[in-house]
Amino acid sequence: QLLGNQDHIKVELEKLKKTYDSQQQKLEERVIAMGKELQEAKGAVGDTQHKLAQQSAVLLTSQSQLQEVEAENSRLQLRLKELNEEYRSRLAQYIKDVADYMDSKSSNATGPSKAPADHAHMKRFVDSMLKDIRASYKSREEQLAGAARGYKKRMKNLVKKHENLLIAYGLQREQIRSLGSSNMDCGPAELHFSITDPELLTNTTRELNRLREEKAKLEMQLHELQKVVAGLLAFCGGETGGQPGEEGWAEVRKHLREFARTTQEDLEQERSQLLTRAVVAEEQVSELQEYIDKHLAR
């Protein structure tokens, strides 16, 4: 039966071969098409990254221009305030001169028989008007000063919340790093999200930013050391092929982790102490500012 069915078996084998060749060709065409799609996707990603880089450059330029415009606006507002003060003083002086002139004219026209009660009618009217104007200006200035103080308080609260978020973010990074492997990406350092606006920076914030910068440098150095240690471990394991070398380098890596952990704890403790001092100092400053605004202004 086997010898008699050889032709049938050959036919079936030819069919299977043709089916396999067609499927192989389809698979190759599909792989080529997917490769083209992958290249197009890579090109699109590259274009997107290029556009993002251009937009980042434009954003940085716009931010610098915005800071320059804000500084120019502040200078112009200060100049406008000075000009307003000068204009108000000159206008008050001109009105007083006109009132004195009108009163002197009316006094000369009426003669000595005129009652002295009507002698300075224009002057009294002008003094009353200037008094009302000064009161309205003072009320408006107090309103603006209160709004400015409220704005400063809100900005201080936002800065405090931002510092608390940075602290929580740093603790999460350390927890992720302690639970995961050394190659795990824990996100950018806290220095990347620090406040850089000079108007919002206090001495404590500047010191914290300096400590964060030092911490980021230490993390980079630790990352480089971990790479070197990993390379040495791989080299020693390949050279010796035994367990003692790996145990020795594991001990070295353990000491490095201990050193990094103790250094991190010291930095965190110093940062918490600085934050506590900053909170106390800000509360004292706010109390002094309120005392000045309420009592010394009078």
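The model is predicted. The protein has 4 helices and 0 strands. Along the sequence, the pattern reads α-α-α-α.

**Overall build**

- The protein has 298 residues, and buried ones make up 13% of them.
- Take the contacts in the protein with a separation of 6 or more: residues 24 or more positions apart account for 58% of them.
- Helix 1 covers residues 6–110.
- Helix 2 covers residues 121–179.
- Helix 3 spans 203–240.
- Helix 4 spans 243–296.

**Surface**

- The protein exposes about 23,900 Å².
- Carbon and sulfur atoms supply 58% of that area.
- A nonpolar patch lies on the surface, formed by Phe125, Met129, Ile133 and Tyr137.
- Together, these four residues have about 350 Å² of accessible area.
- Phe125 has its place in helix 2.

**Second largest pocket**

- The volume of the second largest pocket is about 810 Å³.
- This pocket is lined by 23 residues, and the closest to its centre are Lys81, Glu141, Leu144, Ala145 and Ala148.
- Helix 1, helix 2 and helix 4 each supply at least two residues of this lining.
- Helix 2 gives the largest share, with 10 residues.

**Cavity**

- Rolling a probe the size of a water molecule over the atoms shows where empty space is left.
- The count comes to 1 cavity of 30 Å³ or more.
- The largest cavity holds about 70 Å³ of space.
- Its lining consists of Leu208, Leu211, Arg212, Lys215, Gln264, Leu267, Glu268 and Arg271.
- Helix 3 and helix 4 are the elements that give two or more residues to this lining.

- The structure holds 6 salt bridges.
- Arg79 forms one of them with Glu82, and their closest N and O atoms are 3.5 Å apart.
- How far apart are Arg79 and Glu82 along helix 1? They are 3 residues apart, so about one helical turn separates them.
- Arg79 counts as partly exposed because its relative accessibility is 45%.
- Glu82 is also partly exposed, at 42% relative accessibility.
- Glu86 and Arg90 form another salt bridge, at 2.8 Å from N to O.
- Both Glu86 and Arg90 lie in helix 1, 4 residues apart, which is about one turn of the helix.
- Glu86 has a relative accessible area of 35%, so Glu86 counts as partly exposed.
- Arg90 is partly exposed at 46% relative accessibility.

**A salt bridge between helices**

- The side chains of Glu282 and Lys160 meet in a salt bridge, at 3.7 Å from N to O.
- Which parts of the chain does this pair link? Glu282 is in helix 4 and Lys160 is in helix 2, so the pair joins distant parts of the chain, 122 residues apart.
- Is Glu282 buried or partly exposed? Glu282 is partly exposed, with a relative accessible area of 22%.

**A salt-bridge network**

- Glu85, Arg88 and Glu141 are linked in a network of salt bridges.

Methods
Residues numbered from 1 in each chain as written. Predicted model: local features only at pLDDT ≥ 70, side-chain atom pairs only at ≥ 80, totals over all residues. Heavy atoms only, no water. Patch = residues over 30% accessible without salt bridge, like charges linked within 9 Å, V, L, I, M, F, W, Y side chains within 5 Å. Areas by Shrake-Rupley, 256 points an atom, 1.4 Å probe, with all protein chains shown as cover. Buried < 20%, exposed > 50% of the residue type's maximum accessible area, 1.4 Å probe, protein only. Contact = heavy atoms within 4.5 Å. 1 Å grid on protein atoms, 1.4 Å probe; cavity = no way out; pocket = protein on both sides within 12 Å on 5 of 7 lines; lining within 4 Å. Points joined across faces, edges and corners; volume = space filled by probe spheres on them.
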